Amino acid sequence: MDHTRTPLFSALLAHAERNPIQFHIPGHKKGVGMDPEFRAFIGDNALSIDLINIAPLDDLHQPMGVIEEAQKLAAHAFGADHTFFSVQGTSGAIMTMIMTVCSEGDKIIVPRNVHKSVLAAIIFVGAKPVFIQPARDKNLGIDHGIPTRSVRRALEKHPDAKAVLVINPTYYGVCTNLKEIVDLVHSYNMPVLVDEAHGVLIHFHENLPMSAMEAGADMAATSVHKLGGSMTQSSVLNVKGNRVNPKRIQTIISMLTTTSTSYILLGSLDTSRRHLALNGREMAERTIQLAHYARKQINKIPNLYCFGEEILGDEATFAYDPTKICVHVRKLGVTGFEVENWLRDHYNIEVEMSDMYNILCLFTPGDTPENVDILLTALRELSHINDDVVEVKEVVIKVPAIPQLTLTPRDAFYGETEVLPFKDSADRIIAEFIYVYPPGIPILLPGEVITQELIDYIVEHVEVGLPVKGPEDRSVQQVKVIVETQAIF
């Protein structure tokens with residue numbers, strides 16, 4: 001494969017150079033028909049390739065030309081048999097994976113800390129999730145991967161499941177023993193689906209965790225836009241082996257994809273593949289070294305901690321991606337959310353996310369030593385935020401138990417509901433999602449029983465200002481629950 005080629009992007013450039021008269025959408029016609037200020041800001045080069053699936057540019061829904069060529073190059077770069085471009089983000093790719101292998105009533109084994117797109121797909125197809133508890137780090141207040149032993153127990157109890165889904169790496173960069181899990185699941189002749197949203201760089205450097213394709217997984221949804229340089233909302237779905245039908249995948253992803261596909265996004269995928277294939281190792285090496293430097297410096301700062309390889313050692317913490325800088329701030333006596341706001345207000349720094357006890361900074365090939373030094377300067381100043389406090393009390397990290405799933409998510413989502421005050425909803429079955437975004441992992445999902453422990457946990461998150469989302473009532477004062485059948489006396 002000649003990875004210097006960009007068949008799709010080159011076709012877009014050639015089309016823009018021909019400058020044909022357009023009697024098709026988009027209606028702005030290369031920017032002429034749009035707001036002048038926006039046109040001036042975006043630029044005519046970008047607007048000249050904001051096109052639709054006209055014949056010279058192929059069709060993402062049935063690629064037979066330059067898109068097909070671009071996808072074959074991507075498959076080679078990612079070590080896959082087939083690669084499908086997604087302009088619906090990694091969420092669209094994840095939903096495609098699940099809807100390819102599951103039908104109504106089918107079981108699928110998934111970690112409880114899955115992204116909300118997994119649950120959306122489960123609701124759409126009417127599947128039954130079998131949840132595995134991820135390993136929980138009560139010192140950091142975060143979830144890691146799923147242990148192989150838990151997967152084995154799930155398979156023994158549910159050998160009729162249609163697939164196992166694994167998150168690798170997690171949002172915080174921790175990896176399970178993926179190869180071991182893939183081999184185990186394949187012994188049941190069952191496909192492995194991988195949420196690889198935060199793992200595009202691991203394909204291109206030997207000192208990063210093993211990729212899904214290298215581990216032999218059947219499908220992996222990978223966010224090129226998160227870490228690999230393509231534009232927001234562009235991702236790939238990588239496929240390997242014969243346990244899943246690529247023609248079925250094409251049908252499903254087409255059903256979930258807009259017919260007005262963005263050629264700017266598609267072109268950015270094509271060129272990002274070229275950059276990664278040709279320069280990916282060098283890009284990853286610079287990023288890794290910068291992250292190692294930052295981690296070493298952060299761990300010299302009083303009351304801050306950034307975990308590294310010392311957390312490794314069991315099935316659920318088998319490897320880690322050092323480019324994820326998770327800074328534990330509990331000993332400052334403030335929440336991660338407060339630190340995120342402080343960094344924004346005092347240093348104009350935006351982090352990837354915060355939770356009750358941590359902030360997460362993603363290091364990518366787009367980072368520079370200068371920017372990292374500004375972050376370190378800010379964190380050094382932050383470490384003195386509570387110098388006037390005689391003693392910072394140790395915070396007890398609360399990690400609520402997984403609630404009982406009593407209805408399938410689909411039955412609950414479409415069931416007869418009523419609205420109650422959230423604080424009075426203990427022991428009722430919820431009919432909507434409650435999650436913290438980012439990362440988009442549900443705390444409660446349709447069909448689960450609300451416990452008082454979860455009410456207290458969610459209320460605490462709301463009161464400290466963390467971005468709790470999902471319910472129709474954005475204040476999380478009210479919640480939709482399943483109407484209970486009245487007893488007959």
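Let's start with F85 and what surrounds it: not counting residues up to four places away in sequence, F85 touches L60, A70, Q71, A74, S235, V236, I253, L266 and L269, where contact means heavy atoms within 4.5 Å. This is a predicted model, so local features need pLDDT of at least 70, side-chain atom pairs count only at pLDDT 80 or more, and totals for chains, interfaces and linings use all residues. Residues are numbered from 1 along each chain as its sequence is written, and side-chain values use heavy atoms, with hydrogens and water left out.

F85 is found in strand β1 (residues 82-86). Helices (H or I, at least four residues) and strands (E, at least two) are DSSP runs, numbered from the N terminus. With a relative accessible area of 3%, F85 is buried; that word means under 20% relative accessible area, against over 50% for exposed and in between for partly exposed (1.4 Å probe, protein chains only).

Nonpolar side chains tend to be buried together in soluble globular proteins. Here, the largest nonpolar core has 44 residues, and L8, F85, Y172, L266 and F307 touch the most other members. A nonpolar core is a set of buried Ala, Val, Leu, Ile, Met, Phe, Trp, Tyr and Cys residues joined through side-chain atoms within 4.5 Å. Helix α12 gives this core its largest share, 8 residues. A second, separate core has 35 residues, including M97 and L445.

So how do two of the helices meet? The axes of α4 (residues 66-78) and α12 (residues 263-298) come within 10 Å and cross at roughly 35 degrees. Axes are lines fitted to C-alpha atoms, for helices over the stretch in contact, and angles run from 0 to 180 degrees between N-to-C directions. On the α4 side the contact is made by I67, A70, L73, A74 and A77, and on the α12 side by Y263, L266, D270, R273 and A277. L8 is in contact with several of these residues, among them I67, A70, Y263, L266 and D270.

Finally, visit H28, in the loop between α1 (7-18) and α2 (36-42). Is H28 buried or exposed? H28 is buried, with a relative accessible area of 11%. A polar contact of 2.8 Å joins its side chain to that of D50. Such a contact is a pair of N or O atoms within 3.5 Å; within protein, one must be able to donate a hydrogen and the other to accept it, and residues adjacent in sequence count only if both atoms are side-chain atoms.
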